[in-house]
Amino acid sequence: MAFAEYAWLIPIFPLIAFVVIGFLGNRLFKKWEGGAPVAILMTAISLVLALAVAFEALTTGDGTPFVQSLEWLVVQSGEFNFTFNMGIYIDNLSALMLIVVAFISTLVVIYSLGYMHEEGEKKRRYYAVISLFISVMLGLVLASNFLQMFIFWELVGLCSYLLIGFWNTRPSAASAAKKAFLVTRIGDIMFMIGLFVFFIGFQGNLDYTHIFNNVDAFVGGDALLTFGTLMIFGGAIGKSAQFPLHDWLPDAMEGPTTVSALIHAATMVKAGVYLVARSYPVMVETPDTMLFIAFIGGFTALFAATMALNNTNIKRVLAYSTVSQLGYMFLALGAGGYIYYYHADFNVGYAAGTFHLMNHAFFKALLFLSAGAVIHAAHTEDMRLMGGLSKKLKITSLVMLIGCISIAGIPPFSGFWSKDLVLEAAFEGIQYNGLFILLYAFGLITAFLTAFYMFRLWFLTFAGKPRDQHTYDHAHEAPKVMWVPLAILAVLAFGSGFAFLMGFESVLVPGLEGFVPHEASAVDLLVAVFTNILTYASILAAVLGIGLAYLVYYKGTINPAVFTATPARKAMSNVLLARYGFTKAYDWFGLKVIYGISKVVDFIDRRIIDGLINGISAGLIRAGGFLRRGQTGFVQSYAAVIVAGVSLIVILLFYVGGVI
Amino acid sequence: MFDYGAIYPEIILILFAVAIPALHLLLKSSRALAGISLVGVAASAGMVVYYLLNGYPGMIGSENSPLIVFDALAAVFSLVFLSVAFVAILASARYVENDRHLAEYFTLILMATAGMMLVASAQDLLTIYIGIEIASMATYALVAFRKRDKRGSEAAVKYVIIGGLSSALSLYGISLLFGVTGTTSLVGINEALAAQGIDLATILSVGLLIAGFGFKIAIAPFHMWAPDVYEGAPTPVSAFLAAASKKMGLVVMFKVFIVGLIAIKADWDIVVGVVAILTMTIGNVIALSQTNIKRMLAYSSIAQAGYMLMALPLATVVGDFAITAGIFHIITHAFMKSGAFIVVAALAYVAIGESVADYKGLAKRAPFMAFSMAIFMFALAGIPPLSGFMSKVVLLSASVQAAEITQWMLWLGVALVLNSALSLYYYVRVIKYMYVEKGESTAKIKVPVSLTVAIAVCMVATIVLGLFFDPVLDLCSEAARTLFPAMA
């Protein structure tokens with residue numbers, strides 16, 4: 001292990017960028033694009049190092065993780081000793097994450113050079129915080145224990161708050177930032193409770209190596225372990241915007257599009273998936289948690305997809321699609337773990353989830369950055385004002401089309417391979433629990449809906465006639481610094497799926513006992529995929545979705561108005577636009593329930609506790625004023641006090657001595 | 001046995017004290033005279049350090065009734081007195097420069113210091129009394145130094161009258177004790193009391209001694225002179241009184257009660273404990289409503305004396321550890337309190353008033369003054385990582401240790417903590433005025449260098465003692481053990 005020794009430097013470089021840009025040289029960075037070159041340079045260095053480390057881990061490692069750690073906090077109290085470490089933990093999973101995070105981050109920062117060009121002095125803050133964001137996400141990936149991960153987890157939350165609210169003078173951005181922070185916080189608290197359970201159950205050691213090797217030594221019984229893993233997954237629900245904590249993600253579109261790309265493709269929401277994948281060796285011991293994860297994932301996939309159907313904001317459609325795709329990942333992970341519990345042998349669930357994570361990172365980064373190019377050109381996010389832009393934005397429309405085909409799941413684009421695996425994992429689960437029939441159906445319907453709304457998006461934006469002449473006239477292709485990253489991502493969005501044929505399944509294994517992947521050549525895998533009826537089902541769903549979108553939004557054979565023709569349909573559409581009322585429910589919960597509790601607490605704090613303290617202090621100050629009056633300034637009275645004092649002391653002494 | 005070595009440090013000081021008025025005929029500059037006094041202080045301190053490193057000199061008196069013994073305790077306290085004198089002289093150089101009697105001023109400070117050092121090494125009630133009187137006479141004159149200043153004269157008169165009364169009380173106590181035990185040697189008294197037990201006259205004499213020595217320390221209810229005198233005296237003298245003279249009272253208490261009266265400890269420990277709690281509480285409560293900084297500092301000194309006095313009852317249970325804590329707090333307090341007084345003196349020199357309100361916006365006008373004052377205030381309040389925090393922690397742990405054997409002693413710790421919280425109010429108020437409030441004037445203030453140096457010395461000591469306290473604590477511990485010969 002040569003490069004891995006220096007892996008700790010990976011998060012350090014972006015951190016240096018943060019410090020340099022954030023705290024040094026205000027004047028310098030006014031000229032230098034707000035410090036963008038520093039941010040690009042540092043993330044690029046970190047990318048090179050990350051690629052080296054990841055390549056090394058994936059090719060030379062024998063599956064045992066590379067661990068390096070320092071003692072951070074040592075507590076020895078006789079009965080209960082524990083040590084918190086700070087370290088790095090590199091296995092194939094973190095290697096994969098390193099590649100994804102570092103690669104996409106670097107492209108996003110480069111792209112920002114064009115996208116954020118007009119932001120003026122705010123740029124410095126942007127580049128500083130985005131460097132920090134990248135740094136802490138890399139730190140999260142490399143963490144060697146749950147506590148360290150939690151620290152970075154919280155920092156990721158902080159950075160997302162700062163970036164979503166980047167345009168802090170816009171009330172909608174400010175409230176979106178707060179919403180993202182508060183809603184994910186609910187998940188964070190659950191994560192923390194999960195940590196407490198682990199902390200107690202695993203005798204004060206939260207190191208991955210300790211926990212993964214001593215899962216059986218958990219103290220407290222299965223019920224407690226299930227509770228703990230459920231709570232850990234609760235953290236993932238918040239961070240990865242799963243039902244019912246999904247509603248912050250669409251609002252988070254208030255941030256700059258580059259930030260959205262980063263959050264959706266590489267950082268923030270992927271942290272939740274990573275958390276579940278990371279704790280897999282513990283999670284698989286609790287089938288109930290696994291079933292729950294699969295169910296939440298499957299349900300969220302469908303649930304979020306429906307809301308994307310009729311939204312007219314280009315970024316929000318993408319946001320819902322992220323929620324939905326994350327649902328797929330959880331579905332696969334949950335199904336895989338559940339199957340493993342009953343049948344301790346190889347299944348595709350884990351590989352499917354992480355594979356989809358990687359592919360999604362590429363095509364979603366591509367889609368967001370393309371959408372950013374569209375917004376940059378059209379100066380609006382409303383698809384109703386677009387249309388026909390493909391003539392003006394040739395490159396953008398092409399790369400976005402690649403992204404759409406990929407996410408829709410048309411072979412051989414990357415999305416096809418991983419989505420197929422996800423559905424396969426869900427289908428396999430049917431043998432062990434009937435619920436998976438439902439989840440498989442959810443997945444299949446989602447595939448259809450995804451294809452439909454993604455092509456609806458593409459047709460509305462690029463095809464047909466311009467619906468707003470003004471927007472159309474002013475549109476212009478993005479500068480080179482923006483479309484070059486797009487082109488790179490387009491290649492990956494097309495091709496990252498071939499990793500499957502190169503043996504992704506056998507490289508990314510969860511490190512469980514008895515979990516040995518089948519040796520299979522690329523041809524074997526191809527034969528396996530294309531002789532499976534399920535494959536054709538998912539392709540059919542995608543084709544049907546694209547076809548419907550084509551008929552409605554390109555050909556015009558079907559008028560979009562039919563979707564709202566009857567009162568019932570209209571009502572359904574409104575429900576979707578109102579996000580099933582979740583926004584209102586959050587507000588109600590926040591305003592009535594939480595605020596009500598806050599008022600009570602505030603009353604206790606201000607009136608009772610503070611009142612008591614204030615009363616005491618006012619009394620003491622008054623006492624001071626009173627005693628001060630005894631200080632008359634007359635030396636006679638001083639002498640009298642002394643004599644009285646002596647007498648009192650002597651009396652006290654007599655009393656103590658038992659004389660009187 | 002009669003080894004002059006035991007009083008070499010005092011002799012050096014007295015030689016300088018006598019020489020300075022004569023030199024004044026040749027040298028008119030106050031700086032030169034201050035410089036010579038500083039040399040005297042340094043020479044004396046050098047002697048003390050020499051003894052510390054190379055072993056202590058022989059005693060004056062006999063083995064059974066020693067009069068003067070220069071031991072670790074004497075060395076530590078001598079160093080405290082000498083450092084305070086050093087700082088006070090530094091701060092006074094400009095203060096007295098236009099005064100005809102400036103030579104006498106330095107003579108008096110050196111004399112007072114010599115008296116205090118004598119007390120620190122005295123082993124007999126009479127030598128203690130003589131030392132106290134030497135120091136007292138000198139400080140009376142120092143307080144009255146500004147003859148034409150009404151406030152100063154009034155303060156001096158009060159000081160003399162109350163001082164006389166207290167002197168009489170302690171002398172009465174000493175004579176009663178002599179009558180009961182037939183000796184004035186502390187060791188002898190203890191032996192006699194251990195043999196014959198306690199009677200009415202002994203108890204009465206203990207009460208009188210608490211009152212008489214308590215006057216010097218300014219413990220309640222014998223504290224009332226202190227605010228008036230500190231306010232009226234020249235500010236460097238106030239610093240000297242609060243940081244040195246008060247400590248002399250404490251070393252007397254430690255000596256008399258631990259060496260001389262330990263045999264009857266059950267009869268006085270609770271009373272001294274009550275007095276300590278009363279003192280800290282009264283000091284802090286009255287300080288809350290003070291608007292004059294010097295008076296506020298005076299009351300704060302009273303409160304701090306309460307903390308130091310705590311060590312005495314605790315010592316009856318945990319022995320030298322409590323005295324170590326007390327001595328450590330005495331040392332840290334010497335620096336933080338004289339530093340605070342000298343900041344006031346420095347600002348008074350450039351015509352900034354003594355009212356808290358006059359300090360508005362000081363942070364902008366004199367950043368170093370404001371910063372150092374903030375450090376002193378935080379240290380006095382006991383905020384980590386400053387020295388005042390560390391010494392309070394040691395006191396508190398002594399109290400907790402003692403409580404394991406004698407339960408009521410926990411109340412001393414509780415009182416310490418509550419009082420510290422209370423005192424934060426008036427300490428931080430000064431900082432608030434300096435840093436938060438906006439002043440009417442924003443003109444920069446220039447303070448004489450000698451004063452700045454004096455303040456810097458105190459500030460560095462205040463910070464360093466909070467961080468690297470181990471060697472000092474070891475020294476305190478060595479000093480404390482001399483009071484407990486059985487353990488040494």
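Trainee: At what angle do the axes of helix α9 (residues 221-239) of chain A and helix α12 (residues 268-278) of chain A cross?
Mentor: In this predicted model, the helices are DSSP runs (H or I, at least four residues, with strands being E, at least two), numbered from the N terminus. Their axes are lines fitted to C-alpha atoms, for helices over the stretch in contact, and angles run from 0 to 180 degrees between N-to-C directions. The axes of α9(A) and α12(A) come within 7 Å, and they cross at roughly 160 degrees.

Trainee: What pLDDT must side-chain atom pairs have to count?
Mentor: Residues are numbered from 1 along each chain as its sequence is written, while chains are lettered from A and ligands numbered from 1 in the order in which they are written. As the model is predicted, totals for chains, interfaces and linings use all residues, local features need pLDDT of at least 70, and side-chain atom pairs count only at pLDDT 80 or more.

Trainee: Are α9(A) and α12(A) roughly parallel or roughly antiparallel to each other?
Mentor: Angles under 35 degrees count as roughly parallel, over 145 as roughly antiparallel, 65 to 115 as roughly perpendicular and the rest as oblique. With a crossing at roughly 160 degrees, α9(A) and α12(A) are therefore roughly antiparallel.

Trainee: Which residues of α9(A) meet α12(A)?
Mentor: Two residues are in contact if their C-beta atoms, placed from the backbone, lie within 7 Å. On the α12(A) side the residues are A:Met268, A:Val269, A:Ala271, A:Gly272, A:Val273, A:Leu275 and A:Val276. On the α9(A) side they are A:Ile232, A:Phe233, A:Gly235, A:Ala236 and A:Lys239.

Trainee: Which helix gives the largest share of the side of chain B that touches chain A?
Mentor: The interface brings 31 residues of chain B into contact with 24 residues of chain A. On the chain B side, α6 (150-181), α8 (200-217), α9 (225-232) and α11 (265-288) each supply at least two residues. The largest share, nine residues, comes from α11(B).

Trainee: How many residues on that side of chain B are nonpolar?
Mentor: Ala, Val, Leu, Ile, Met, Phe, Trp, Tyr, Cys and Pro count as nonpolar, Asp, Glu, Lys and Arg as charged, and the others, Gly among them, as polar. By these classes, the side of chain B that touches chain A has two polar and three charged residues, and its nonpolar residues number 26.

Trainee: Is the crossing of α11(B) and α18(B) left-handed or right-handed?
Mentor: The axes of α11(B) and helix α18 (residues 410-435) of chain B come within 9 Å and cross at roughly 15 degrees, which makes the two helices roughly parallel. A crossing is left-handed if the near helix is turned anticlockwise from the far one by less than a right angle, and right-handed if clockwise. The crossing of α11(B) and α18(B) is left-handed.

Trainee: How many of the 15 residues of α16(B) are buried?
Mentor: A residue is buried if 20 or more other C-beta atoms lie within 10 Å of its own, exposed if 12 or fewer, and partly exposed in between, with C-beta atoms placed from the backbone. What covers the buried residues of α16(B) includes α12 (293-309), α14 (320-349), α17 (387-403) and α18 of chain B. Helix α16(B) is largely enclosed by the rest of the structure, because its buried residues number 12.

Trainee: Is A:His379 buried or exposed?
Mentor: A:His379 is found in the loop between α16 (349-378) and α17 of chain A, and its phi is near 55 degrees, a positive value in a residue other than glycine. With 12 other C-beta atoms within 10 Å, A:His379 is exposed.
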